[in-house]
Amino acid sequence: MTSWTAEKPSNIALIKYMGKKDKEKNIPSNSSFSWTLDHLTSKVELQTHAGDSDTWEPGESDFPFEMSPLGREKFLNHLQRVKDLFGVKEKFKVKSANNFPADCGIASSASSFAALTEVAFKACEDLSTKKFSTKEKAMMSARGSGSSCRSFWSGFVLWEEQSLGPKDFAIDSLNHMVVIVGGGAKKVSSSLAHKKVESSLLFKGRAERTSQRLEKVLGNLTSGNWENLYQVVWAEFWDMHALFETSEPSFSYFLPGTFEVLEKTRNFWEEKGDGPVVTMDAGPNVHLLWRSDQKDLALEFYNQNLKGHWTTLSNIEDIGFARV
Ligand code: DP6
């Protein structure tokens with residue numbers, strides 16, 4: 001038996017990938033831009049085995065998790081896609097694990113598909129003579145799950161239809177907090193959300209709006225205008241959630257706690273004239289990004305508003321994984 005492992009991080013989008021031009025190939029309707037969450041990772045192991053098909057099982061972890069039958073199918077189909085690229089016929093036992101709790105409502109799709117792609121390329125490169133670049137691997141990862149292609153680099157990453165890679169700015173280190181207002185399985189997966197939003201009348205102008213916002217986000221990062229960055233990123237996640245609310249039929253990820261936490265962050269900004277960049281994925285939890293020189297401010301916000309009320313996961317050591 002031979003085995004290979006790879007570990008990849010998750011990422012949080014500031015400009016969201018929502019809607020697909022081509023559902024088969026996961027070609028996005030708009031460009032997206034993210035920050036890589038180096039502290040939230042998935043590890044995937046492949047072992048050759050004698051069975052007649054690829055199989056999946058949970059890997060060893062402090063935070064074991066199960067994958068739905070549909071999730072497993074998508075995962076193993078992606079492994080097959082990479083094997084087909086190389087013409088590899090071996091069958092594998094796939095094990096995957098996250099370094100964060102499954103019940104905290106953080107999507108592991110980006111990190112787990114990135115790790116699966118990475119390990120599948122490692123194994124197939126060893127079993128064949130072909131070699132691929134990081135960008136080629138990341139583009140292949142997008143076929144499995146779009147957002148995973150941005151997890152192949154640290155820092156800020158831009159994914160435009162055919163162009164993909166890291167972007168450097170003076171701000172190159174951020175602290176992250178995710179406020180967990182609700183965990184559990186999502187009623188509408190992000191893959192399904194990509195389809196449903198096409199029924200919203202707001203979807204028509206979405207690509208244009210995101211391209212204007214992307215320009216502003218890049219401009220604000222270049223000039224270091226944090227407050228304007230906060231405002232654009234705020235508008236962007238609301239735009240995505242407005243698509244959900246205005247789909248026919250409408251759907252929503254918001255929980256009462258979502259509104260409470262959002263209000264607390266806005267009040268904090270109003271009071272201090274400073275604060276975090278705030279965003280949300282297709283889920284109820286609120287992500288906060290802080291510049292590294294805002295650590296004291298981040299702790300002040302946490303102690304005042306989150307501690308004792310909301311389970312919070314952060315790369316700031318004093319917070320770590322603070323369960324209520
Ligand atoms: C809201 O990458 O999960 O997180 O390509 O169908 O697997 P599939 O979708 P996925 O969509 C992510 C959507 C998002 C926004 C983002 O990360 O850009």
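**Helix packing, ligand contacts and backbone features**

Helices H6 and H7 are roughly antiparallel to each other, because their angle falls in the class set for values over 145 degrees. The model is predicted: local features need pLDDT of at least 70, side-chain atom pairs count only at pLDDT 80 or more, and totals for chains, interfaces and linings use all residues. Residues are numbered from 1 along each chain as its sequence is written, and side-chain values use heavy atoms, without hydrogens and water.

Two packed helices are described by the angle between their axes and the distance between the axes. Axes are lines fitted to C-alpha atoms, for helices over the stretch in contact, and angles run from 0 to 180 degrees between N-to-C directions. Helices (H or I, at least four residues) and strands (E, at least two) are DSSP runs, numbered from the N terminus. H6 spans residues 226–245 and H7 spans residues 256–272. They pack at about 160°, with axes 13 Å apart. Their crossing is left-handed (the near helix is turned anticlockwise from the far one by less than a right angle; clockwise would be right-handed). Contact means heavy atoms within 4.5 Å. H6 contributes Trp226, Glu227, Tyr230, Trp234, Phe237 and Trp238, while H7 contributes Phe259, Leu262, Thr265, Arg266 and Trp269. These residues divide into eight nonpolar, one polar and two charged. Ala, Val, Leu, Ile, Met, Phe, Trp, Tyr, Cys and Pro count as nonpolar, Asp, Glu, Lys and Arg as charged, and the others, Gly among them, as polar.

The loop between H6 and H7 holds proline 249. A cis peptide bond joins this proline to glutamate 248, with omega about 0°.

A second pair is H2 (residues 109–127) and H3 (residues 134–144). Their axes come within 9 Å and cross at roughly 125°. H2 and H3 are therefore oblique to each other. The crossing is right-handed. On H2, Phe113, Ala114, Thr117, Glu118, Phe121 and Glu125 meet Lys137, Met140, Ser141 and Gly144 of H3. Four of the contact residues are nonpolar, three polar and three charged.

The ligand is surrounded by 18 residues (each with a heavy atom within 4 Å). The closest are Tyr17, Ser145, Gly146, Ser147 and Ser191. A side-chain N or O atom of tyrosine 17 is 2.6 Å from a ligand oxygen. For lysine 74, the corresponding distance to a ligand oxygen is 3.0 Å. A polar side-chain atom of aspartate 281 also lies 3.0 Å from an oxygen atom of the ligand.

Asparagine 26 is not a glycine, yet has a positive phi of about 55°. It sits in the loop between strands S2 (20–22) and S3 (27–28).

Note on methods. Angles under 35 degrees count as roughly parallel, over 145 as roughly antiparallel, 65 to 115 as roughly perpendicular and the rest as oblique. A polar contact is a pair of N or O atoms within 3.5 Å; within protein, one must be able to donate a hydrogen and the other to accept it, and residues adjacent in sequence count only if both atoms are side-chain atoms.
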